[in-house]
Amino acid sequence: MPVIEVSGVTHAYGEGAGRRVVLRDVSVTLSEQRVGIIGANGSGKSTFVRMLNGLVLPTEGTVCVDGLDARKDGREVRRRVGFCFTDPDAQIVMPTVAEDVAFGLRRRGLSKREIAAKVRSTLETYGLAEHADHPAHLLSGGQKQLLALSSVLVTDPAVLVLDEPTTLLDLRNAAVVQRVVRDLPHQVLLVTHHLDLLEDFERVLVFDQTRLVYDGKPDAAVQHYRELMT
Amino acid sequence: MNSLGLYVPGTSPVHRMPAGAKLLAMLAAGAGSVLLHQPWQVGVAVTLALVGYRLGGLTVRMALRQVRPLLMVVGLVAVFHLVVNGWERAVVFVGVIVTLVLLAGLVTLTTRTTDMVDAIVRAARPLRVVGVHPERLGLLMALGIRSVPVVVGLAEEVRDAQRARGLTASPRAFAVPLIVRSLRHADALGDALVARGVDD
């Protein structure tokens with residue numbers, strides 16, 4: 001599994017009196033296949049995961065993926081770390097399903113035939129083949145999230161970061177996404193409020209008020225989180 | 001269908017035509033339309049456009065669907081010319097508009113957005129010398145097309161929220177949240193593009 005090293009990371013917006021710290025002094029090394037990240041809204045968990053593929057650069061400290069610094073080697077880090085957002089509508093950038101899956105491949109120097117083959121097999125894997133030429137906006141919420149996932153996975157990232165992928169979904173669609181994520185061979189970092197998704201995870205990080213306050217097995221971490229919230 | 005609900009997958013001769021050729025033909029038809037002065041000429045133009053639909057394996061109903069959104073504008077233009085210039089001019093003006101809309105519809109019905117964008121990117125390559133970035137231009141177009149249904153969806157949500165709160169026909173109460181939400185969407189889309197390596 002890839003090794004993600006976060007060292008002394010702090011992140012703040014603004015300067016002087018308007019400076020707002022959203023993440024404080026986080027140091028952690030992640031090499032497990034399944035890592036969960038939980039915490040209240042505004043606790044810093046989304047900022048934390050956004051740093052893992054260089055979407056947010058830390059004000060202090062470093063983030064390295066397999067030895068590559070997210071600040072200096074942003075391009076390589078982004079190729080290794082795929083990112084899936086909460087709202088698939090904000091992530092789907094092309095008009096039709098197949099076009100969106102192909103989007104990330106168009107900059108990889110592949111031929112049209114290679115791209116078409118990869119798109120087809122990816123859509124088949126995630127049950128979207130029959131929707132290949134459909135407008136993305138006509139898909140259901142669950143299908144859109146699967147499309148967003150497919151569009152990331154087609155580029156073969158080593159790590160997949162999912163920022164609350166089931167928050168906007170109903171139970172059925174959330175279960176579909178959960179099944180897909182469970183079967184992935186990738187290293188997965190999942191931010192979620194659905195604590196039952198973390199049952200078979202190896203490690204869970206708990207964030208509270210901009211700090212990493214707990215790091216351990218799912219049962220204990222969820223228990224710690226519940227205590228924090230009461 | 002494409003993002004606006006138009007693209008119909010197929011293997012007809014019109015589908016197989018290169019996107020660039022279709023766009024050029026549409027451009028030529030637009031420029032050539034100024035040469036149409038007689039009702040019979042317009043009749044031929046409309047017929048040719050409909051033949052294009054037939055060749056593309058598309059139905060007359062699909063053709064009519066392209067024109068339907070313009071009925072009000074076309075009706076007003078027709079009445080204006082009928083009163084001011086007589087029936088012949090009215091037929092010519094309405095016929096030209098209908099022909100061009102039919103042709104634009106035919107192109108979008110038979111061309112994937114990606115192919116259209118690729119054709120425009122290729123056509124824009126010579127503009128590199130004046131600082132134009134063709135790939136960015138293509139991405140901009142694709143994002144524009146993709147954003148239409150998103151903004152329509154946001155507008156519907158804002159309108160529903162207005163109704164739920166008993167606000168009716170308040171332009172400010174409609175426009176402000178729509179603009180704010182559209183800007184938030186644009187922000188999130190920017191993050192998604194960075195995450196997918198667009199800037200790399």
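Which residue, with a positive phi, follows helix 8 of chain B? That residue is Gly166(B), with phi near 75°; helices (H or I, at least four residues) and strands (E, at least two) are DSSP runs, numbered from the N terminus. This is a predicted model, in which local features need pLDDT of at least 70, side-chain atom pairs count only at pLDDT 80 or more, and totals for chains, interfaces and linings use all residues. Residues are numbered from 1 along each chain as its sequence is written, while chains are lettered from A and ligands numbered from 1 in the order in which they are written.

**Helix 8 of chain B**
- The 31 residues of helix 8 (residues 134-164) of chain B should span 45 Å at 1.5 Å a residue, and the end C-alpha atoms are 45 Å apart, in agreement; the expected span is 1.5 Å times one less than the number of residues.
- Shortly before the proline Pro149(B), helix 8 of chain B has a kink of about 30° at Ser147(B), the bend being the angle between axes fitted to the seven residues ending there and the seven starting there.
- Among the buried residues of this helix are Gly138(B), Ala142(B), Arg146(B) and Val150(B) (buried: 20 or more other C-beta atoms within 10 Å; exposed: 12 or fewer; partly exposed: in between; C-beta atoms are placed from the backbone).
- The buried residues of helix 8 pack against helix 7 (113-124) and helix 9 (171-195) of chain B.

**Sheet of chain A**
- An open sheet of 6 strands in chain A has the order 6-7-8-3-9-10, with mixed pairing (strands pair if DSSP finds at least two bridges between them).
- Strand 6 (81-84) and strand 10 (211-216) of chain A are the edge strands, each pairing on one side only.
- Strand 3 (residues 34-39) and strand 9 (residues 203-208) of chain A pair in the parallel sense over 5 bridges, and Leu205(A) in strand 9 is the bridge partner of Ile37(A).

- Asp66(A), which is not a glycine, has a positive phi of about 50° and lies in the loop between strand 4 (60-65) and strand 5 (68-69) of chain A.
- Asp66(A) counts as partly exposed because it has 16 C-beta neighbours inside 10 Å.
- Gln209(A) has a positive phi near 45° and sits in the loop between strand 9 and strand 10 of chain A.
- With 12 other C-beta atoms within 10 Å, Gln209(A) is exposed.

**Interface**
- In chain A, 23 residues are in contact with 27 residues of chain B (contact: C-beta atoms, placed from the backbone, within 7 Å).

Terms used. Contact = placed C-beta atoms within 7 Å.
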